[in-house]
Amino acid sequence: MEELKYRLGEDHPTYQSEHMATLFGLLCRATEELAGEEVFGRVIPWCVARYGRERGSRMAQRCLADGRPLTMLNYRCYSEWRPQPGTHQHNLISRSPVYSTMSTTCSWNDAWKKHGLSKYGPYYCNYVDKNLVWGFNPSIDLKIHSFLSEGADGCHFEWTGLEMTPENEELMAKTKAELGDRYVKNFEYHTAHAYFTMGRVLREELGEELAGKILQKTLADYEAIFGKEYTSFLRLKKVDFTRAC
């Protein structure tokens with residue numbers, strides 16, 4: 001299957017979260033410039049929601065195939081990405097009655113700052129994680145109380161339904177050790193998923209002509225930053241991002 005080629009470390013391992021985050025910011029900027037602020041504010045949340053739900057659904061498909069229930073604990077075990085060393089700092093706020101964490105550094109937020117795209121970060125942060133959880137299991141919920149991208153000291157996550165008891169901590173560690181990086185994808189894959197899924201939403205909402213112009217400008221701006229080498233994600237056009245392999 002085509003998707004199987006794009007696990008962690010295979011093919012273009014130099015892709016990082018910066019590439020995906022920057023692509024998203026550039027797509028936002030192009031949408032705002034070419035479609036206007038009102039349209040931008042309406043359509044981008046749908047782009048992020050669709051992307052998040054597809055990724056969450058892939059996680060759920062794998063979890064169920066492994067014979068595990070769609071709990072918040074397992075949601076945290078079936079992630080498709082791993083942070084680069086030193087780029088994400090996660091601090092414990094509470095273990096009980098609800099597991100709660102604070103992320104004080106984030107490579108996505110760093111990328112938006114680096115490339116002058118911080119304005120668009122909140123459009124990703126406000127919609128992606130909640131829709132990831134929804135795609136995994138609509139009956140569980142994630143509460144997010146603050147975002148780095150909105151100027152807070154950190155991203156405060158409350159993992160509803162998960163109490164980090166010693167038993168749950170042991171189970172999570174055991175599950176993560178068993179899974180390893182089996183389901184982790186590299187950032188060429190994640191960049192492609194964001195581009196093609198969000199592009200599909202733009203076409204549905206804005207029509208082929210305007211969406212095409214937005215995507216063309218996004219790619220041109222992205223290539224100007226990273227070079228043509230990092231447009232290799234375009235070869236994943238035929239991958240079915242709704243299906244887990």
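Which residues are buried in α7?

1. Basis. This is a predicted model, in which local features need pLDDT of at least 70, side-chain atom pairs count only at pLDDT 80 or more, and totals for chains, interfaces and linings use all residues. Residues are numbered from 1 along each chain as its sequence is written, and side-chain values use heavy atoms, with hydrogens and water left out.

2. Helix α7, buried side. Met172, Thr175 and Leu179 are buried in α7. Buried means under 20% relative accessible area, exposed over 50%, and partly exposed in between (1.4 Å probe, protein chains only). Helices (H or I, at least four residues) and strands (E, at least two) are DSSP runs, numbered from the N terminus. Cover for the buried residues of α7 includes α3 (72–77); contact means heavy atoms within 4.5 Å.

3. Helix α7, other features. The face turned away from the buried side carries the exposed residues Pro166, Glu167, Glu170, Lys174 and Ala177. The helix runs over residues 166–179, 14 residues in total. From first C-alpha to last it reaches 20 Å, close to the 20 Å expected at 1.5 Å a residue. The expected span is 1.5 Å times one less than the number of residues. Just after α7, Gly180 takes a positive phi of about 55°.

4. Helix α6. This helix (residues 128–136) is largely enclosed by the rest of the structure, because seven of its nine residues are buried. They are Val128, Asp129, Asn131, Leu132, Val133, Gly135 and Phe136. Their cover includes α2 (37–65), α3, α5 (121–125), β3 (143–146) and β4 (155–158).

5. Aromatic pairs. The structure holds 19 aromatic pairs. Phe157 and Trp159 form a stacked one, at 5.4 Å centre to centre and 15° between the planes. Rings of Phe, Tyr and Trp (its six-membered ring) pair if their centres lie within 6.5 Å; planes under 30 degrees apart count as stacked, over 60 as edge-to-face and the rest as tilted. Phe157 is buried, with a relative accessible area of 10%. Trp159 is buried too, at 8%.

6. Pair in α9. Tyr222 and Phe226 form a tilted pair, 5.1 Å centre to centre with 55° between the planes. Both lie in helix α9 (residues 208–226), four residues apart, about one turn of the helix. An α-helix has 3.6 residues a turn, so residues three or four places apart point the same way. Tyr222 counts as buried at 0% relative accessibility, and Phe226 is buried at 16%.

7. Charges over rings. Arg76 lies over the face of Trp159, at 4.4 Å from the ring centre. The charged end of Lys185 sits over the ring of Tyr189, 5.6 Å from its centre. The criterion is NZ of Lys or CZ of Arg within 6 Å of the ring centre and within 35 degrees of the ring normal.

8. Ser107. This residue lies in helix α4 (residues 107–114). Ser107 is buried, with a relative accessible area of 7%. A polar contact of 2.7 Å joins its side chain to that of Ser17. Such a contact is a pair of N or O atoms within 3.5 Å; within protein, one must be able to donate a hydrogen and the other to accept it, and residues adjacent in sequence count only if both atoms are side-chain atoms. Leaving aside neighbours within four places in sequence, Ser107 is in contact with Ser17, Thr87 and His88.
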